[in-house]
Amino acid sequence: MVSGGTYGTEDIVHGAGYGRAILILLLTPLLWSLPTAFMIGELSSALPFEGGYYAWVRRAMGKFWGFQEAWLSLVASIFDMAIYPTLFVAYLTLMFPWFAEGHRGVMVGLAVVVVCVVLNVPGVRVVSTTSLALFFALSAPFALIVALAPFKFGALANAVTTPTSSTVDIIGGLLIAMWNYMGWDNASTIATEVERPQRTYPRAMLAAVAIVSMSYVLPVAAMWLTGLRASAWETGSWAEIASLVGGPLLRAALVLGGMMSGFGMFNALVMSYSRLPLAMAQDGMLPRAFGKLHPRTRAPWVAIVVCAIGWALCLGLGFERLVTLDILLYGGSLSLEFIALVALRIREPELRRPFRVPGGTLGAVAVGIAPVLLLGFSIMRSQHEQVLGMSSFTFGMILIGAGVLAYALNVAVKPAGWTATGENPQSAA
């Protein structure tokens with residue numbers, strides 16, 4: 001849910017150069033991922049409820065802010081989820097350029113959405129087993145690059161590569177790094193479907209930060225040794241890079257891995273995001289239909305289908321624009337989670353916390369400072385990106401404001417709330 005392998009890091013090198021790209025890839029997990037993992041480790045171990053971060057914010061700050069947390073996450077998911085079929089198609093067209101013509105790429109992206117919906121209805125175990133297998137398969141080509149690149153020391157300094165069209169600069173590279181390192185809270189929404197969540201989540205979060213960081217840094221560092229120009233990199237370039245290092249077979253493996261990366265990320269995140277409408281329906285904040293579960297697997301099939309329709313609508317938008325909007329909206333929901341961490345420390349000091357952010361209440365406050373400051377870069381960039389004739393920042397603010405309006409309409413239509421399904425174990429705020 002956080003990383004689909006090293007794919008998607010190419011523009012970081014293009015925008016920042018090798019040295020600064022590696023520095024970004026090393027500092028981003030320390031300033032962005034690790035604090036988030038600490039926060040999620042405490043909240044997920046203390047409150048392992050269906051809906052995860054939505055449940056935490058609702059309990060800490062009430063129904064209104066719980067609704068806004070879910071709204072921001074779901075709206076961000078519309079842009080986030082469109083990225084992965086886009087990456088799938090980008091790598092597919094490297095092998096079969098025919099799919100780049102007309103609307104064929106969008107149709108392939110739509111097929112990815114449909115297949116992942118079908119895979120998610122059978123439940124968590126099928127998705128997790130598929131994701132684990134894909135992780136090992138898509139990581140293998142990068143392991144070969146790390147092993148083979150030192151034998152090409154300095155040999156690719158004058159290599160002729162396909163001209164790039166990337167316009168990403170260093171701030172764009174940083175935002176792409178933040179995107180590559182975000183999503184730690186996504187696994188929290190399925191807490192009731194995980195064995196021993198109080199023990200499992202903190203350990204998994206902290207271990208994953210190290211694993212993901214190394215999966216990004218080592219291949220980039222290995223290619224730096226070859227002397228290949230940083231300007232030769234852009235989204236999808238790993239395939240051509242693999243060809244330079246290991247020939248056509250390694251290129252084919254990278255292309256297949258890139259397709260598996262996009263597919264695997266989308267598949268896992270369908271599982272995460274679909275639990276938000278489910279948890280809201282269980283709380284009576286959405287119609288009961290969203291709480292309908294598959295009779296055998298207990299998967300929220302109605303929520304999965306409705307979310308998939310929204311995700312499909314954004315297929316075809318550009319990669320960098322999707323990333324900018326995704327981080328802007330995700331940043332709002334992440335900020336609410338850090339506030340919930342502090343609020344629960346103050347309101348419920350006796351709450352059992354198997355894992356705690358060190359440093360008491362001051363530590364709980366301090367852990368959110370660096371991630372929130374980093375979000376300022378997304379605000380800077382969003383003022384220059386254009387969506388529907390307006391800046392991405394303006395468009396994002398409209399979507400954030402729409403969450404307040406949606407809550408008001410929800411209350412106006414159902415002042416006492418929708419009928420709860422009664423299946424959510426969380427205590428109401």
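Contact here means heavy atoms within 4.5 Å.

**Figure 1. Overall fold of the predicted model**. The protein contains 15 helices and two strands. Its radius of gyration is 21 Å, close to the 22 Å that the globule rule gives for 429 residues, so the protein is as compact as a globular protein of that length. The C-alpha trace spans about 70 × 50 × 45 Å along its principal axes. Of the contacts with a separation of 6 or more, 84% are between residues 24 or more positions apart. Buried residues account for 55% of the 429 residues. The accessible surface comes to about 17,100 Å², and carbon and sulfur atoms contribute 70% of this area.

Figure 2. Apart from neighbours within four places in sequence, the residues in contact with D326 are A76, F79, D80, I83, W179 and M182.

**Figure 3. Helix α2 and the residue that follows**. Helix α2 covers residues 53–61, and eight of its nine residues are buried, so the helix is largely enclosed by the rest of the structure. The buried residues are Y53, Y54, A55, W56, V57, R58, R59 and A60. After α2 comes G62, which has a positive phi, near 100°.

**Figure 4. Salt bridges of E42 with R345** **and R353**. Side chains of opposite charge can pair when their charged atoms come close. E42 and R345 form a salt bridge with an N to O distance of 2.8 Å. Because E42 lies in helix α1 (residues 10–46) and R345 in helix α12, this pair ties together parts that are 303 residues apart in sequence. Both of these residues, E42 and R345, are buried. A salt bridge also joins E42 to R353, with the closest N and O atoms 3.0 Å apart. R353 belongs to the loop between α12 and α13 (360–366) and E42 to helix α1, so parts 311 residues apart in sequence are tied together by this pair. R353, at 9% relative accessibility, counts as buried.

**Figure 5. Salt bridge between R59 and E348**. The closest N and O atoms of R59 and E348 are 2.7 Å apart. This pair links distant parts of the chain, with R59 in helix α2 and E348 in the loop between α12 and α13, 289 residues apart. R59 has a relative accessibility of 15% and so counts as buried. Elsewhere, salt bridges that share partners join E42, R345 and R353 into one network. The protein has five salt bridges by count.

Technical notes. Residues are numbered from 1 along each chain as its sequence is written. This is a predicted model: local features need pLDDT of at least 70, side-chain atom pairs count only at pLDDT 80 or more; totals for chains, interfaces and linings use all residues. Side-chain values use heavy atoms; hydrogens and water are left out. Buried means under 20% relative accessible area, exposed over 50%, partly exposed in between (1.4 Å probe, protein chains only). Helices (H or I, at least four residues) and strands (E, at least two) are DSSP runs, numbered from the N terminus. The radius of gyration is taken over C-alpha atoms; the globule rule is 2.2 Å times the number of residues to the power 0.38. Accessible areas come from the Shrake-Rupley method with a 1.4 Å probe; for residues, only the protein chains shown count as cover. A salt bridge is a side-chain nitrogen of Lys or Arg within 4 Å of a carboxyl oxygen of Asp or Glu.
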